[in-house]
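Visitor: Could you take me through this model, starting with the ligand and then moving on to the protein interior?

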Amino acid sequence: MGFFSKLKESLKGSFGGEKLSDSLTKTRKGFIDKVFDVFTGRIIDEELFEELEEVLIQGDVGVNTAVDLVEKLRERIRAEKIKEAEQLRRVLVEEIIKIMGDEIPNLDLADDELNIILVVGVNGVGKTTSIGKLAYKLKAEGKRVILGAGDTFRAGAIDQLKVWGQRAGVDVISHNEGADPAAVVYDAIKAAIARKADVLIIDTAGRLHNKVNLMEELKKIKRIIDNESVGALKEVLLALDATTGQNALSQAKTFGQAAGVTGVILTKLDGTAKGGVVIGIKSEYDLPVKLIGVGERMEDLQEFIPRDFVAALFTDGEDENNAG
Ligand SMILES: Nc1nc2c(ncn2[C@@H]2O[C@H](COP(=O)(O)OP(=O)(O)O)[C@@H](O)[C@H]2O)c(=O)[nH]1
Ligand SMILES: [Mg+2]
């Protein structure tokens, strides 16, 4: 079996494989096809390397990563005496698989105790939506889930979370708009303990008057959690919008440093042609993508399985022509 057929085979029977593959259609057409085109009917020369680097950068894998990948290809050409451009394509995919790693970055949740998940990120990236989907997913796994409406800043944010709570069938603890988010978090923790919840997921505001305010507020929320429920904070998940490319990368940097982020929820992968951003987040900031949003429905949140992702990225659902 060839390299690409094997990759494709690895998708079969994997959880959400088909949906994942579907959701990456735009990325395959917009980014991967361009990458593959660079190798088609070409000889290996300086121009090829330059084009490849350009296409990788445009696909949002990040500048450093693009440069490193091209450098790796040069090394391997020398070491393995590669002559054919088509062969190089396979080497590129192998190197991307290496970057992504084989480890599946699961949520770090414990049994028989309260687990708190704090969800942070700028406005509109999909925090509230992802929380609704995650609540549904965890509840389906038999967990008792409660949501805390910590975004008291934006009009409508509280109601939006309540709607998701209803859909997922879980309770939402909220105050009124404009209330102190720390007070909401305090009440949510008390409720979670009283109701013996397994998981409390806390929504937060994405925009205060400035970035310093936002980071200060997140710190305050974390302090409350530590005071009221030592050791319960298991995850600080940063929601990033895959369609924003370079912005997503710079947010990874800002929040990663200030908010103690433990993982990323990468949303709207279905809406971007630049899914290369997954590679960039991993290799430039070493933040594990733990969950991916692949649509707007309640079921459209998946665990991120690096190998499945790479397989879905580089193998087309229908046509085998590209498979090599
Ligand atoms: N296509 C698609 N849309 C999404 C996804 N996740 C969120 N959205 C949409 O993004 C918009 C903003 O989401 P919201 O949860 O309100 O963002 P928040 O401001 O960070 O809480 C909404 O219209 C969502 O339906 C996704 O995975 N795919
Ligand atoms: Mg929101």
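Visitor: Which atom of ligand 1 does a polar side-chain atom of Glu 296 lie close to, and at what distance?

Guide: A polar side-chain atom of Glu 296 is 2.6 Å from an oxygen atom of ligand 1. A polar contact here is a pair of N or O atoms within 3.5 Å; within protein, one must be able to donate a hydrogen and the other to accept it, and residues adjacent in sequence count only if both atoms are side-chain atoms. The protein buries 82% of the 590 Å² that ligand 1 exposes when taken alone (Shrake-Rupley method, 1.4 Å probe; for residues, only the protein chains shown count as cover).

Visitor: Before we go on, what sort of model is this?

Guide: This is a predicted model, in which local features need pLDDT of at least 70 and side-chain atom pairs count only at pLDDT 80 or more, while totals for chains, interfaces and linings use all residues. Residues are numbered from 1 along each chain as its sequence is written, chains are lettered from A and ligands numbered from 1 in the order in which they are written, and side-chain values use heavy atoms, leaving out hydrogens and water.

Visitor: What does Asp 270 do at ligand 1?

Guide: Asp 270 places a polar side-chain atom 2.8 Å from a nitrogen atom of ligand 1. For Arg 154, an N or O atom of the side chain is 3.5 Å from an oxygen atom of the ligand.

Visitor: How do the residues of the shell divide?

Guide: There are 3 nonpolar (Ala, Val, Leu, Ile, Met, Phe, Trp, Tyr, Cys and Pro), 6 charged (Asp, Glu, Lys and Arg) and 9 polar residues (the others, Gly among them).

Visitor: Is Thr 272 buried or exposed?

Guide: Thr 272 is buried, at 4% relative accessible area. Buried means under 20%, exposed over 50%, and partly exposed in between (1.4 Å probe, protein chains only).

Visitor: How many aromatic pairs does a search of the whole structure find?

Guide: The search finds 2. Phe 36 and Phe 314 are stacked, with 5.8 Å centre to centre and 25° between the planes. Rings of Phe, Tyr and Trp (its six-membered ring) pair if their centres lie within 6.5 Å; planes under 30 degrees apart count as stacked, over 60 as edge-to-face and the rest as tilted.
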